[in-house]
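Colleague: Before I use the labels on this model, I would like to hear what each one rests on. Please take them in turn.

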Amino acid sequence: MPCARRSADTGAEQRLIKTLPRKGVRFVGDVREGRDASEAPDAADAPKANNANGGLPAPQASEVEGLNGDSQAPTEFMLAESATRRSVAPRAVAAAIAATGLICFATLLWAYFAHSAQVEQTRANIETAAKLTQIAEKIDVISREDYQAVRSLAHWAVDLDPNNAVALTRLTRALTTGVLNHWSDDVANDLHAADQALQSAARIAPDSMDVRGAQCHILRAMRRYEVAINVCSEAAQRFPKYPFLHKEIGYNRLMLGQLDEALAEFQEADRIAPNSRLRWSWYQGEGLVYLMQGQDMKAIDYLSRATLEAPNTGHPAAYLASAYALVGREQEAREALDHYMKLWPKTALNNFGPMVGSAAFNSKMERVLKGLRLAGLTE
């Protein structure tokens, strides 16, 4: 018989296994001797069944009938044997009952502690994942080293807690940032992993502000600029105090060559969060717009700010070198370009650029490349 049917224990009635507060569990079931009606008496007790007959073998039914003349009247021998059968309990049955109880107890005890250990491990994983995500959120991704650190932390957090939407979103942002800044060693796989993480985050927290921001981010990395603008604009209406969305709209419009519209979005991001840790990114956007428009002094102003706040990103310094060269400040142009080349030593004019935009964007990049050529960047 299964253990569960033998015990029938509930929270209110604990007949076999009792929970002792702050101690554990204890087997409290009674073990009683009993017998199966089909069992024969022990061989040692067999002679007692024949005592009433002087130790002789029990007479056959026909013999009893012949002696008494009435087949319905039991003899003294039959009464004695019946009484003996009812009083004797086989030791083997008692031992089996006791063994079964111990097996049930051991099985339930193992299940109890195994479940407790699993629950405790899950709780520890969730807490650790939350802490790792908090650490990752405090890192400004303005260098390759920052990117690698945040990516590793986010991966670790997601492995520990696959249902942590914040960790999944952070992983999406990290992978996408690596692609946009040319830090990724495998763009296709990283974009695929970022998309998978984002889909999981969206299933868990579809209305999250961070999830919507990550959607805008990855669409730009996929070069789906117009779709990204629509998604970001809708999200910006729902989350008007989230500057990241306006920054993303600005860069998507910049990639389409829509300079004035892009500048307005960068300025809106700065208006919403003038002290944001991300402001270097819209400073860079504003500076690049001014550089493309020929407003070189404004370009130098904003690109200098971006370079100061994110010196190891690299691209603000390259744009700054171009702006300096176009206004004839050759020494400063070379210094800015030298700083950039230390970070990106394999860069040349034919492979320069954080992203490839539309034809309109590429045509406006010609002025930037002209300044870089004057600063000393080779073909």
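Modeller: Helices (H or I, at least four residues) and strands (E, at least two) are DSSP runs, numbered from the N terminus. This is a predicted model, in which local features need pLDDT of at least 70 and side-chain atom pairs count only at pLDDT 80 or more, while totals for chains, interfaces and linings use all residues. Residues are numbered from 1 along each chain as its sequence is written, and side-chain values use heavy atoms, with hydrogens and water left out.

Colleague: Which helix gives the largest share of the lining of the largest pocket, and what makes a residue part of a lining?

Modeller: H6 supplies seven residues, the largest share.

Colleague: Why is the link between Cys216 and Cys232 called a disulfide?

Modeller: The cut-off is a pair of cysteine sulfur atoms within 2.5 Å. Here the S to S distance is 2.3 Å, so the pair qualifies. Cys216 lies in H8 and Cys232 in H9, 16 residues apart. A search of the whole structure finds one disulfide.

Colleague: What makes Tyr290 and Tyr302 a tilted pair?

Modeller: Rings of Phe, Tyr and Trp (its six-membered ring) pair if their centres lie within 6.5 Å; planes under 30 degrees apart are stacked, over 60 edge-to-face, and the rest tilted. These two rings are 5.7 Å apart, centre to centre, with 35° between the planes, so the pair is tilted. Tyr290 is in helix H12 and Tyr302 in helix H13.

Colleague: Are these two tyrosines buried or exposed?

Modeller: Buried means under 20% relative accessible area, exposed over 50%, partly exposed in between (1.4 Å probe, protein chains only). Tyr290 has 6% and Tyr302 has 17%, so both count as buried.

Colleague: How do you know that Arg305 sits over the ring of Tyr302?

Modeller: The rule asks for NZ of Lys or CZ of Arg within 6 Å of the ring centre and within 35 degrees of the ring normal. The charged end of Arg305 is 4.6 Å from the centre of the Tyr302 ring. Arg305 also lies over the face of Tyr283, at 5.2 Å.
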